[in-house]
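Look over the sequence and the fold first. This report then visits a few places in the model, one at a time.

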Amino acid sequence: MKTGPFKLFCVLGCAILCGFLFSGSAQAADKPNIVLILSDDHAFTEYGFMGHDVIRTPNLDKLASQSAMFRRGYVPTGLCRPSLMTLATGLYAHQNLITGNDPAATQANAAHEKAAGKPAKEMLIQNIDRHASLPRLLAEQGYLCHQSGKWWEGSYQRGGFTHGMTRGYPEKGGRHGDDGLKIGREGMGPVLDFIDLAVKEDKPFFVWYAPLLPHDPHTPPQRLLDKYAVDGRSIHVAKYYAMVEWFDETCGQLLDHLDQKGVSENTLVVYVADNGWIQKEDSAGYAERSKRSPYEGGVRTPILYRWTGKIKPADRPELGSSIDFFPTVLAAAGIDVPADRKGLNLLPYLTTDKAIERDTVFGESFAHDIADIKNREASLLYRWVIKGNMKLLLTYDGQTGRMVYPPKDFAPKLYDLKADPHEKNNLAQEQPEVVKELTTLIDGWWKTKQAKHSVAPER
């Protein structure tokens, strides 16, 4: 039977109309949703799945059982702002120049302000404009992107998010999150409402959930504090433990909502902590060799990747790094990774039983306050590498500003993490050939021009 022109026109018109109507649905189905769960000031030991015998983290334990889990995961920098910027840009701190939390009140920064006619804080935030951020790249491909919690780089829009909570500098309280810091502590409404919106509009979505938890102030609900405030345990430790469980409860709310909306299977969930924490027994605050330091207590974190039906749940023995988050997410979304990003796309490994060939991860530590916003070496305190079980720290005499624990010993430090997980026995003098080998690796990663890893001059 022949098809007349009018009938053919109707058939083609219907096909075009149907394609238009269902293009959003096809687009959402083809692209996975992305959910980043990011805890703040969280020790790598303090989860049920990591073996803690007191703290309860049932929701993260369940997530870990469903994930490719890196128990030996690391962030390159053990301080929140540079750690977050590595996740957002896929660049190390020495590349994106966000090496600390705040510009220091130094002559160098004052000179930059005078020359540019703008505050050093604004010039520091401008670094987010210079790099293709993850939310911006996702948004360009049709993703709705929501920011909540910690965010230092101005407003959420400036970072490339389409939706969010943080108004940002120079707004009042805009230093590191303002309204965004209410998430988790004052409920999960903004994030859950955003997911509802994205599902209703049939759009793929990206959630940046970075609550101020278990970060201080340690003000857990009384019902949780009562569980941990027992005889023989410091009240400071009890409060911190309760904060960890409170954070876990909020993760459960988020993950349960994905289930309720029917989008869990097509959602890549990633968990990582921004840096470590060792709670002091006798006072509020953190102990030495934790936050801000390059030691295991400062930079080690479990890293979890869950994508049901795609990523194989496994207890991965390899080293992991948060630098891999950026290229892995882009690969999952079908987006090309910018050439200057040095992280590893993990999908070919996580979706198979293939071992990750890389046996080396790198990191660096800088002072809390940035002595010179245009000279990354001015505040450099450490560069470090882990190859297999051997870890080398090279120490530098950068300007420390408000750094609580500046370096005291400037000799190289070499540790066998398998035999000495608490980094107590420096093997540098006993194994100079290993020090030389690992120093070469660090210099190949990035070469300092001014800072020297030798004994520092008298302070």
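A residue is buried when its relative accessible area is under 20%, exposed when over 50%, and partly exposed in between (1.4 Å probe, protein chains only). The model is predicted: local features need pLDDT of at least 70, side-chain atom pairs count only at pLDDT 80 or more, and totals for chains, interfaces and linings use all residues. Residues are numbered from 1 along each chain as its sequence is written, and side-chain values use heavy atoms, with hydrogens and water left out.

Start with Asp41. Its phi is near 65 degrees, a positive value in a residue other than glycine. Asp41 has a relative accessible area of 0%, so it counts as buried. It sits in the loop between β1 (33-39) and α2 (58-65). Helices (H or I, at least four residues) and strands (E, at least two) are DSSP runs, numbered from the N terminus.

Arg292 is not a glycine either, yet its phi is positive, about 80 degrees. Arg292 is buried, at 13% relative accessible area. Its loop runs between β8 (267-273) and α12.

Pro170 belongs to the loop between β6 (163-164) and α9 (189-200).

Another joins Leu213 and Pro214, where omega is about -5 degrees. Pro214 is in the loop between β7 (205-210) and α10 (222-228).

## Helix α11

α11 has 26 residues. From first C-alpha to last it reaches 37 Å, close to the 38 Å expected at 1.5 Å a residue. The expected span is 1.5 Å times one less than the number of residues.

Now look at the ends. At the start of α11, a side-chain oxygen of Ser234 comes to within 3.1 Å of the backbone nitrogen of His236. After α11 comes Gly262, with a positive phi near 70 degrees.

## The largest pocket

A pocket is an open set of points on a 1 Å grid over the protein atoms alone, where a 1.4 Å probe fits, with protein on both sides within 12 Å along at least five of seven lines; lining residues have an atom within 4 Å of a point. The largest pocket is lined by 20 residues. Phe44, Thr45, Ile278, Gly297 and His422 lie nearest its centre. Two elements give two or more residues to this lining: α11 (235-260) and α12 (296-299). The largest share, three residues, comes from α11.

Technical notes. Polar contact = N/O pair within 3.5 Å; in protein donor to acceptor, adjacent residues only side chain to side chain.
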